[in-house]
Amino acid sequence: MERIITEEKILQYQEYLYEEEKTTATIRKYTCDLKKLMDYTSGREVTKKLMVEYKEALREEKGYRLTSINSFLVAANRFFEYMGWYDLRVKTYRLQKEVFVPEDRDLSKDEYRKLVHAAMGKGKKRLAMILQTIAATGIRISELPFVTVEKVMEGIVEVYCKGKQRFVLLPKKLQKKLIGYIKEKGIKSGIVFCTSGGKAVDRSNLWKEMKKLSQEAEIREKKVYPHNLRHLFAKEFYAIEKDIAKLADMLGHSNVETTRIYIRTTSEEHQKQLNMMKLVI
């Protein structure tokens with residue numbers, strides 16, 4: 001059988017992922033990455049040589065970051081395992097863990113406040129409340145539908161994500177603001193952050209709203225995206241209570257190594273620490 005990636009094979013793989021109870025976000029990501037590979041192969045039979053060329057093209061021609069390339073390769077390798085094409089799997093790039101986060105991607109607390117004030121100033125109350133809810137609790141954007149009227153009243157949100165359950169406590173001030181928002185919008189029950197049709201807000205639309213807001217607040221676009229608010233939550237919590245295990249539980253991480261990524265300091269802060277050592281005579 002010729003090993004050619006087709007729309008039909010990708011759809012079959014999607015069904016398999018659904019049966020394996022993968023999240024919608026994971027399925028969407030794998031599908032998008034596989035279609036990228038399908039476009040590259042353009043009807044040609046997939047060989048190990050072609051996959052190595054694809055890996056190199058992603059870096060040299062497309063200019064993707066190595067972390068992004070690795071995610072593309074993981075998606076391809078998982079698909080090959082499903083198809084039984086084990087010999088087509090390619091190695092991912094070995095990366096040294098970054099000691100500090102780049103300055104142009106680090107969202108400060110002051111910049112976060114500017115975003116919230118900008119949203120309020122533009123009359124974007126829902127967006128302002130979403131920003132505060134993610135930043136003050138550390139929940140994922142995909143977990144926003146679990147923030148319901150009923151759970152807000154209780155003050156604790158029960159979240160199911162990636163096959164795991166966790167309870168997210170709402171800070172009292174946030175709970176009060178959410179209750180005010182619910183009353184103002186006349187939301188009787190169910191999802192708090194929803195469209196006029198009652199559906200959960202679309203993550204891609206929220207992403208676009210945040211990018212537009214970054215321009216209005218005069219903050220570098222690279223810094224403004226939903227997941228960075230989780231990073232802000234992690235940094236602020238860790239600065240107060242340096243308990244990485246507890247923070248991992250709060251963020252829903254199975255591995256504290258993942259949590260370590262969230263609490264990296266900026267290069268400027270790292271430089272200060274090095275200077276404080278005073279080892280240059």
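**Aromatic pairs, charges and backbone in a predicted model**

F233 and F237 are separated by about one helical turn, because they stand four residues apart in helix α10 (residues 226-240). Helices here are DSSP runs of H or I with at least four residues, strands are runs of E with at least two, and both are numbered from the N terminus. Both phenylalanines, F233 and F237, are buried. Buried denotes under 20% relative accessible area, exposed over 50%, and partly exposed the range in between (1.4 Å probe, protein chains only).

The model is predicted: local features need pLDDT of at least 70, side-chain atom pairs count only at pLDDT 80 or more, and totals for chains, interfaces and linings use all residues. Residues are numbered from 1 along each chain as its sequence is written, and side-chain values use heavy atoms, with hydrogens and water left out.

The chain contains 13 helices and four strands. Its C-alpha trace spans about 65 × 60 × 35 Å along the principal axes. Of the 281 residues, 40% are buried. Contacts (heavy atoms within 4.5 Å) were examined between residues at least 6 apart in sequence; 61% of these join residues at least 24 apart. The accessible surface comes to about 16,900 Å², and carbon and sulfur atoms account for 52% of that surface. Areas come from the Shrake-Rupley method with a 1.4 Å probe; for residues, only the protein chains shown count as cover.

The chain carries 55 positive and 39 negative side chains. Lys and Arg count as positive, Asp and Glu as negative; His and the chain ends are not counted. The centres of the two sets lie 5 Å apart. Each charge is placed at NZ of Lys, CZ of Arg, CG of Asp or CD of Glu.

The structure holds 13 aromatic pairs. Rings of Phe, Tyr and Trp (its six-membered ring) pair if their centres lie within 6.5 Å; planes under 30 degrees apart count as stacked, over 60 as edge-to-face and the rest as tilted. F79 and W85 form an edge-to-face pair, because their ring planes stand at 90 degrees, with the centres 6.0 Å apart. F79 and W85 are both buried. By contrast, F233 and F237 are stacked, at 6.2 Å centre to centre and 20 degrees between the planes. Ring pairs also link Y13, Y16, F79, F80, Y82 and W85 into a cluster.

Two lysines sit over aromatic rings. The charged end of K36 lies over the ring of F72, 5.0 Å from its centre. That of K55 lies over the ring of Y93, 4.7 Å from its centre. The criterion is NZ of Lys or CZ of Arg within 6 Å of the ring centre and within 35 degrees of the ring normal.

Most residues other than glycine have a negative phi. E21, not a glycine, has a positive phi of about 65 degrees. E21 is placed in the loop between α1 (7-19) and α2 (24-41). Its relative accessibility is 71%, so E21 counts as exposed. E218, also not a glycine, has a positive phi of about 55 degrees. The loop between α9 (203-216) and α10 holds E218. Its relative accessibility is 70%, so E218 counts as exposed.

K164 belongs to strand β3 (residues 164-169). At 33% relative accessibility, K164 counts as partly exposed. Beyond its neighbours within four places in sequence, K164 contacts V159, G252, H253 and S254. K164 and I27 lie 137 residues apart in sequence and 17 Å apart in space, C-alpha to C-alpha.
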